[in-house]
Amino acid sequence: MTTTKTKGKEGKVLRQSAINRFVHWATALSIFILILTGLGQMPLYNRYNVTKLPGAEWLGDYFITIGLHYLAAVLLIFITFYHLINAFIRKEFDIFPRRGDLKESYLIIKAMFTKGQEPPSHKYLAEQRLAYLFIGGNVLLLILTGLIKMYKNVPGVELSSSLLYWTTMLHNIGTVLLILGIVGHLAAFLIKENRALLPGMFTGYIDHDYVKHRHSLWYKDLQSQDKVQPQPDASLGLSSKNNTHIPAKSSSM
Ligand code: HEM
Ligand code: HEM
(Lines give C-alpha, C1' and ligand atoms only; values in the text may rest on other atoms or scores of the structure.)
(Ligands and ions follow the chains in the order given, each with its own letter.)
Protein backbone atom coordinates (compact mmCIF):
# COMPACT_ATOMS: atom_id res chain seq x y z
CA MET A 1 0.00 0.00 0.00
CA THR A 2 1.46 3.39 -0.91
CA THR A 3 0.89 6.70 0.76
CA THR A 4 -0.82 9.86 -0.30
CA LYS A 5 0.45 12.51 2.09
CA THR A 6 -2.20 15.10 2.77
CA LYS A 7 -2.85 17.80 5.28
CA GLY A 8 -4.43 16.15 8.33
CA LYS A 9 -8.01 16.94 9.30
CA GLU A 10 -9.01 16.93 12.94
CA GLY A 11 -10.88 13.73 13.85
CA LYS A 12 -10.86 12.45 10.26
CA VAL A 13 -8.98 9.87 8.22
CA LEU A 14 -8.36 10.14 4.50
CA ARG A 15 -10.02 7.02 3.07
CA GLN A 16 -10.53 7.71 -0.62
CA SER A 17 -7.75 9.49 -2.53
CA ALA A 18 -8.60 11.88 -5.38
CA ILE A 19 -7.66 9.10 -7.83
CA ASN A 20 -10.11 6.66 -6.21
CA ARG A 21 -12.87 9.24 -6.22
CA PHE A 22 -12.20 10.08 -9.85
CA VAL A 23 -12.27 6.37 -10.81
CA HIS A 24 -15.46 5.74 -8.82
CA TRP A 25 -17.46 8.66 -10.19
CA ALA A 26 -16.23 8.31 -13.77
CA THR A 27 -17.21 4.61 -13.62
CA ALA A 28 -20.61 5.44 -12.13
CA LEU A 29 -21.25 8.14 -14.79
CA SER A 30 -20.24 5.93 -17.73
CA ILE A 31 -22.27 2.98 -16.41
CA PHE A 32 -25.32 5.18 -15.85
CA ILE A 33 -25.15 6.39 -19.49
CA LEU A 34 -24.51 2.84 -20.78
CA ILE A 35 -27.55 1.44 -18.97
CA LEU A 36 -29.76 4.36 -20.05
CA THR A 37 -28.71 4.19 -23.72
CA GLY A 38 -28.49 0.36 -23.82
CA LEU A 39 -32.11 0.02 -22.69
CA GLY A 40 -32.97 2.61 -25.39
CA GLN A 41 -31.64 0.28 -28.09
CA MET A 42 -33.85 -2.60 -26.95
CA PRO A 43 -36.02 -0.28 -27.58
CA LEU A 44 -37.79 -0.05 -24.23
CA TYR A 45 -38.54 3.67 -24.18
CA ASN A 46 -40.58 3.68 -27.42
CA ARG A 47 -42.44 0.56 -26.32
CA TYR A 48 -43.42 1.94 -22.92
CA ASN A 49 -44.11 5.53 -24.07
CA VAL A 50 -41.23 6.98 -22.03
CA THR A 51 -40.33 9.02 -25.14
CA LYS A 52 -43.64 10.90 -24.82
CA LEU A 53 -42.42 12.49 -21.56
CA PRO A 54 -41.25 16.09 -21.93
CA GLY A 55 -37.56 16.23 -22.94
CA ALA A 56 -37.29 12.44 -23.33
CA GLU A 57 -37.86 12.09 -27.11
CA TRP A 58 -34.12 11.65 -27.74
CA LEU A 59 -34.21 8.36 -25.78
CA GLY A 60 -36.11 6.86 -28.70
CA ASP A 61 -33.58 8.01 -31.33
CA TYR A 62 -31.41 4.99 -32.18
CA PHE A 63 -28.53 7.06 -33.59
CA ILE A 64 -28.32 9.30 -30.51
CA THR A 65 -28.48 6.38 -28.06
CA ILE A 66 -25.91 4.28 -29.93
CA GLY A 67 -23.59 7.30 -30.29
CA LEU A 68 -23.77 7.94 -26.54
CA HIS A 69 -23.39 4.20 -25.84
CA TYR A 70 -20.12 4.16 -27.79
CA LEU A 71 -18.89 7.36 -26.11
CA ALA A 72 -19.62 6.06 -22.59
CA ALA A 73 -18.07 2.67 -23.57
CA VAL A 74 -14.79 4.45 -24.42
CA LEU A 75 -14.86 6.20 -21.02
CA LEU A 76 -15.62 2.94 -19.18
CA ILE A 77 -12.82 1.04 -20.97
CA PHE A 78 -10.35 3.87 -20.30
CA ILE A 79 -11.26 4.11 -16.61
CA THR A 80 -11.16 0.32 -16.14
CA PHE A 81 -7.62 0.11 -17.52
CA TYR A 82 -6.58 3.22 -15.61
CA HIS A 83 -7.87 1.69 -12.35
CA LEU A 84 -6.17 -1.68 -12.90
CA ILE A 85 -2.83 -0.20 -14.01
CA ASN A 86 -2.90 2.26 -11.11
CA ALA A 87 -3.64 -0.56 -8.61
CA PHE A 88 -0.70 -2.64 -9.87
CA ILE A 89 1.76 0.26 -10.08
CA ARG A 90 0.89 1.48 -6.57
CA LYS A 91 0.37 -2.06 -5.24
CA GLU A 92 -3.01 -1.05 -3.86
CA PHE A 93 -4.87 -4.33 -3.60
CA ASP A 94 -7.03 -3.56 -0.54
CA ILE A 95 -10.24 -4.03 -2.50
CA PHE A 96 -9.22 -7.19 -4.37
CA PRO A 97 -11.02 -10.33 -3.07
CA ARG A 98 -9.14 -12.68 -0.70
CA ARG A 99 -9.51 -16.28 0.37
CA GLY A 100 -12.11 -16.62 3.15
CA ASP A 101 -14.15 -13.55 2.08
CA LEU A 102 -17.38 -15.54 1.78
CA LYS A 103 -17.13 -16.89 5.33
CA GLU A 104 -16.10 -13.50 6.72
CA SER A 105 -19.05 -11.82 4.95
CA TYR A 106 -21.38 -14.33 6.56
CA LEU A 107 -19.91 -13.53 10.01
CA ILE A 108 -20.30 -9.77 9.44
CA ILE A 109 -23.92 -10.12 8.32
CA LYS A 110 -24.65 -12.50 11.22
CA ALA A 111 -23.16 -9.99 13.66
CA MET A 112 -25.37 -7.28 12.18
CA PHE A 113 -28.55 -9.30 12.75
CA THR A 114 -27.62 -10.71 16.17
CA LYS A 115 -26.01 -7.46 17.37
CA GLY A 116 -22.87 -9.51 18.00
CA GLN A 117 -19.23 -8.64 17.36
CA GLU A 118 -17.97 -8.33 13.76
CA PRO A 119 -14.61 -9.93 12.87
CA PRO A 120 -11.90 -7.22 12.65
CA SER A 121 -11.68 -5.70 9.16
CA HIS A 122 -9.00 -4.35 6.87
CA LYS A 123 -9.62 -1.23 4.78
CA TYR A 124 -12.64 -2.91 3.15
CA LEU A 125 -15.12 -5.33 4.68
CA ALA A 126 -15.12 -8.80 3.09
CA GLU A 127 -18.51 -8.14 1.49
CA GLN A 128 -17.19 -4.94 -0.09
CA ARG A 129 -14.40 -6.95 -1.71
CA LEU A 130 -17.04 -9.41 -2.98
CA ALA A 131 -19.21 -6.52 -4.22
CA TYR A 132 -16.17 -5.21 -6.11
CA LEU A 133 -15.61 -8.66 -7.67
CA PHE A 134 -19.26 -8.93 -8.68
CA ILE A 135 -19.54 -5.43 -10.17
CA GLY A 136 -16.03 -5.56 -11.69
CA GLY A 137 -16.62 -9.04 -13.20
CA ASN A 138 -19.81 -7.87 -14.86
CA VAL A 139 -18.12 -4.73 -16.17
CA LEU A 140 -15.38 -6.87 -17.77
CA LEU A 141 -18.02 -9.18 -19.29
CA LEU A 142 -19.90 -6.18 -20.71
CA ILE A 143 -16.70 -4.69 -22.15
CA LEU A 144 -15.69 -7.97 -23.80
CA THR A 145 -19.14 -8.70 -25.27
CA GLY A 146 -19.61 -4.99 -26.15
CA LEU A 147 -16.36 -5.02 -28.16
CA ILE A 148 -17.55 -8.09 -30.09
CA LYS A 149 -20.90 -6.39 -30.73
CA MET A 150 -19.07 -3.29 -31.94
CA TYR A 151 -16.87 -5.38 -34.24
CA LYS A 152 -20.00 -7.03 -35.67
CA ASN A 153 -21.24 -3.56 -36.67
CA VAL A 154 -18.14 -2.89 -38.79
CA PRO A 155 -19.18 -3.08 -42.49
CA GLY A 156 -18.03 -6.31 -44.11
CA VAL A 157 -17.59 -8.24 -40.85
CA GLU A 158 -19.51 -11.54 -40.65
CA LEU A 159 -19.69 -13.43 -37.33
CA SER A 160 -21.24 -16.85 -36.77
CA SER A 161 -24.84 -16.79 -35.56
CA SER A 162 -24.01 -18.79 -32.41
CA LEU A 163 -21.26 -16.30 -31.45
CA LEU A 164 -23.69 -13.44 -32.01
CA TYR A 165 -26.39 -15.20 -30.01
CA TRP A 166 -24.12 -15.80 -27.00
CA THR A 167 -22.60 -12.33 -27.19
CA THR A 168 -26.02 -10.67 -27.13
CA MET A 169 -27.23 -13.04 -24.40
CA LEU A 170 -24.20 -12.35 -22.17
CA HIS A 171 -24.33 -8.57 -22.82
CA ASN A 172 -27.97 -8.60 -21.68
CA ILE A 173 -27.37 -10.91 -18.69
CA GLY A 174 -24.41 -8.72 -17.67
CA THR A 175 -26.69 -5.65 -17.85
CA VAL A 176 -29.29 -7.23 -15.56
CA LEU A 177 -26.67 -8.46 -13.05
CA LEU A 178 -24.93 -5.08 -13.03
CA ILE A 179 -28.20 -3.26 -12.33
CA LEU A 180 -28.86 -5.70 -9.44
CA GLY A 181 -25.29 -5.12 -8.19
CA ILE A 182 -25.77 -1.34 -8.21
CA VAL A 183 -29.13 -1.63 -6.42
CA GLY A 184 -27.41 -3.82 -3.78
CA HIS A 185 -24.51 -1.35 -3.52
CA LEU A 186 -26.85 1.58 -2.89
CA ALA A 187 -29.08 -0.48 -0.57
CA ALA A 188 -26.00 -1.16 1.59
CA PHE A 189 -26.10 2.51 2.59
CA LEU A 190 -29.59 2.08 4.02
CA ILE A 191 -27.82 0.17 6.82
CA LYS A 192 -26.80 2.69 9.45
CA GLU A 193 -23.38 1.11 10.14
CA ASN A 194 -22.32 1.63 6.51
CA ARG A 195 -23.44 5.23 6.18
CA ALA A 196 -20.29 6.67 7.76
CA LEU A 197 -18.46 5.60 4.56
CA LEU A 198 -20.49 7.97 2.35
CA PRO A 199 -18.51 11.19 2.95
CA GLY A 200 -15.35 9.31 1.90
CA MET A 201 -16.49 9.13 -1.73
CA PHE A 202 -17.27 12.87 -1.79
CA THR A 203 -14.64 14.59 0.37
CA GLY A 204 -12.17 11.73 0.77
CA TYR A 205 -12.41 11.79 4.58
CA ILE A 206 -14.35 9.71 7.09
CA ASP A 207 -14.62 9.72 10.85
CA HIS A 208 -11.50 8.69 12.75
CA ASP A 209 -13.28 6.72 15.48
CA TYR A 210 -15.31 4.80 12.91
CA VAL A 211 -12.08 3.62 11.26
CA LYS A 212 -10.63 2.68 14.62
CA HIS A 213 -13.57 0.50 15.55
CA ARG A 214 -14.91 -0.90 12.28
CA HIS A 215 -11.68 -1.18 10.28
CA SER A 216 -9.35 -1.96 13.15
CA LEU A 217 -6.79 -3.89 11.05
CA TRP A 218 -6.50 -1.00 8.59
CA TYR A 219 -6.23 1.36 11.54
CA LYS A 220 -3.30 -0.66 12.90
CA ASP A 221 -1.62 -0.46 9.48
CA LEU A 222 -2.08 3.32 9.46
CA GLN A 223 -0.63 3.55 12.98
CA SER A 224 2.38 1.43 12.10
CA GLN A 225 3.00 3.61 9.04
CA ASP A 226 2.70 6.70 11.24
CA LYS A 227 -0.30 7.97 9.33
CA VAL A 228 -2.43 8.73 12.38
CA GLN A 229 -1.05 11.20 14.85
CA PRO A 230 -1.42 11.43 18.66
CA GLN A 231 -3.36 14.56 19.67
CA PRO A 232 -4.45 16.12 22.95
CA ASP A 233 -7.68 14.55 24.16
CA ALA A 234 -10.23 17.35 24.34
CA SER A 235 -12.16 15.66 27.14
CA LEU A 236 -9.11 15.10 29.38
CA GLY A 237 -6.85 17.91 28.29
CA LEU A 238 -4.03 15.34 28.02
CA SER A 239 -1.70 14.29 25.27
CA SER A 240 -0.83 10.63 25.14
CA LYS A 241 0.54 8.15 22.60
CA ASN A 242 -2.10 5.65 23.64
CA ASN A 243 -4.84 8.21 23.57
CA THR A 244 -8.07 6.90 22.07
CA HIS A 245 -8.86 10.20 20.37
CA ILE A 246 -6.24 10.33 17.63
CA PRO A 247 -7.02 12.48 14.60
CA ALA A 248 -5.63 11.45 11.23
CA LYS A 249 -2.40 12.86 9.89
CA SER A 250 -2.80 11.24 6.50
CA SER A 251 -3.62 7.92 5.01
CA SER A 252 -3.37 5.79 1.90
CA MET A 253 -5.15 4.69 -1.29
C1 HEM B 1 -23.14 3.08 -11.38
C2 HEM B 1 -23.12 3.35 -10.09
C3 HEM B 1 -22.09 2.85 -9.12
C4 HEM B 1 -21.18 1.82 -9.21
C5 HEM B 1 -20.98 0.86 -10.37
C6 HEM B 1 -20.43 1.80 -7.97
C7 HEM B 1 -19.43 0.89 -7.68
C8 HEM B 1 -18.70 0.86 -6.50
C9 HEM B 1 -17.74 -0.15 -6.13
C10 HEM B 1 -17.38 -1.38 -7.00
C11 HEM B 1 -17.24 0.17 -4.92
C12 HEM B 1 -16.23 -0.62 -4.10
C13 HEM B 1 -16.92 -1.74 -3.36
C14 HEM B 1 -17.79 -1.28 -2.21
O15 HEM B 1 -17.33 -0.49 -1.39
O16 HEM B 1 -18.95 -1.72 -2.15
C17 HEM B 1 -17.86 1.41 -4.52
C18 HEM B 1 -17.59 2.09 -3.36
C19 HEM B 1 -18.34 3.15 -2.91
N20 HEM B 1 -19.45 3.71 -3.51
FE21 HEM B 1 -20.15 3.26 -5.32
N22 HEM B 1 -20.88 2.81 -7.16
C23 HEM B 1 -21.90 3.46 -7.83
C24 HEM B 1 -22.64 4.51 -7.38
C25 HEM B 1 -22.51 5.06 -6.11
C26 HEM B 1 -23.34 6.12 -5.59
C27 HEM B 1 -24.50 6.79 -6.34
C28 HEM B 1 -22.88 6.38 -4.32
C29 HEM B 1 -23.37 7.38 -3.31
C30 HEM B 1 -24.60 7.52 -2.98
C31 HEM B 1 -21.77 5.51 -4.07
C32 HEM B 1 -21.02 5.49 -2.92
C33 HEM B 1 -19.93 4.70 -2.70
C34 HEM B 1 -19.07 4.81 -1.53
C35 HEM B 1 -19.25 5.78 -0.37
C36 HEM B 1 -18.08 3.85 -1.67
C37 HEM B 1 -16.87 3.62 -0.75
C38 HEM B 1 -17.15 2.75 0.39
C39 HEM B 1 -15.89 2.70 1.26
O40 HEM B 1 -15.28 3.74 1.50
O41 HEM B 1 -15.56 1.62 1.69
N42 HEM B 1 -21.57 4.71 -5.16
N43 HEM B 1 -18.76 1.81 -5.48
C1 HEM C 1 -22.20 -1.00 -18.16
C2 HEM C 1 -21.91 -1.47 -19.32
C3 HEM C 1 -22.91 -1.73 -20.44
C4 HEM C 1 -24.24 -1.94 -20.39
C5 HEM C 1 -25.13 -1.93 -19.15
C6 HEM C 1 -24.70 -2.17 -21.74
C7 HEM C 1 -26.00 -2.43 -22.10
C8 HEM C 1 -26.44 -2.65 -23.40
C9 HEM C 1 -27.78 -3.00 -23.77
C10 HEM C 1 -28.94 -3.20 -22.79
C11 HEM C 1 -27.82 -3.10 -25.12
C12 HEM C 1 -29.05 -3.41 -26.00
C13 HEM C 1 -29.31 -4.84 -26.15
C14 HEM C 1 -28.43 -5.50 -27.16
O15 HEM C 1 -28.33 -5.04 -28.31
O16 HEM C 1 -27.84 -6.53 -26.80
C17 HEM C 1 -26.49 -2.85 -25.62
C18 HEM C 1 -26.12 -2.87 -26.93
C19 HEM C 1 -24.83 -2.67 -27.37
N20 HEM C 1 -23.72 -2.41 -26.60
FE21 HEM C 1 -23.68 -2.25 -24.61
N22 HEM C 1 -23.63 -2.10 -22.59
C23 HEM C 1 -22.51 -1.83 -21.83
C24 HEM C 1 -21.23 -1.69 -22.26
C25 HEM C 1 -20.86 -1.73 -23.56
C26 HEM C 1 -19.52 -1.57 -24.03
C27 HEM C 1 -18.30 -1.32 -23.09
C28 HEM C 1 -19.54 -1.63 -25.40
C29 HEM C 1 -18.45 -1.53 -26.37
C30 HEM C 1 -17.20 -1.74 -26.13
C31 HEM C 1 -20.92 -1.86 -25.77
C32 HEM C 1 -21.36 -2.01 -27.06
C33 HEM C 1 -22.64 -2.28 -27.43
C34 HEM C 1 -23.08 -2.48 -28.82
C35 HEM C 1 -22.19 -2.41 -30.04
C36 HEM C 1 -24.44 -2.72 -28.76
C37 HEM C 1 -25.36 -3.06 -29.94
C38 HEM C 1 -25.76 -1.87 -30.68
C39 HEM C 1 -26.47 -2.34 -31.93
O40 HEM C 1 -25.80 -2.90 -32.79
O41 HEM C 1 -27.68 -2.15 -32.00
N42 HEM C 1 -21.69 -1.91 -24.63
N43 HEM C 1 -25.67 -2.57 -24.54
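How many nonpolar, polar and charged residues make up the shell around ligand 2? I put this to the model, which is a predicted one, and counted by class 14 nonpolar, nine polar and one charged residues in that shell.

Next I looked up which residues these are: the shell holds 24 residues, and those that come nearest to ligand 2 are Leu-34, Gly-38, Ala-73, Gly-146 and Lys-149. I then noted the elements that give two or more residues to the shell, namely α1, α3, α5 (126-152) and α6 (161-187). As for the domains, I found that domain 1 (14-92) and domain 2 (96-228) both contribute residues to the shell, so ligand 2 lies between them.

I turned to two of these helices, α1 (residues 18-41) and α3 (residues 62-90), which pack with their axes 8 Å apart and at an angle of about 150 degrees. The crossing in which α1 passes α3 is left-handed, and their contact has, by class, 15 nonpolar, 10 polar and no charged residues.

Finally I checked the UniProt record, an unreviewed entry, which places the feature "transmembrane region" at residues 22-42, 62-89, 130-151 and 163-191. For two of these spans I looked up the chain itself: residues 22-42 are 95% helix and 0% strand, with the end C-alpha atoms 30 Å apart, whereas residues 62-89 are 100% helix and 0% strand, with the end C-alpha atoms 40 Å apart.

Note on methods:
Residues are numbered from 1 along each chain as its sequence is written. Chains are lettered from A and ligands numbered from 1 in the order in which they are written. This is a predicted model: local features need pLDDT of at least 70, side-chain atom pairs count only at pLDDT 80 or more; totals for chains, interfaces and linings use all residues. Axes are lines fitted to C-alpha atoms, for helices over the stretch in contact, and angles run from 0 to 180 degrees between N-to-C directions. Helices (H or I, at least four residues) and strands (E, at least two) are DSSP runs, numbered from the N terminus. A crossing is left-handed if the near helix is turned anticlockwise from the far one by less than a right angle, and right-handed if clockwise. Ala, Val, Leu, Ile, Met, Phe, Trp, Tyr, Cys and Pro count as nonpolar, Asp, Glu, Lys and Arg as charged, and the others, Gly among them, as polar. UniProt positions are given in the numbering used here, feature names are shortened, and annotations may be inferred rather than shown by experiment. A residue is near a molecule or strand if its C-beta atom, placed from the backbone, lies within 6 Å of it. Domain bounds come from an automatic or database domain assignment.
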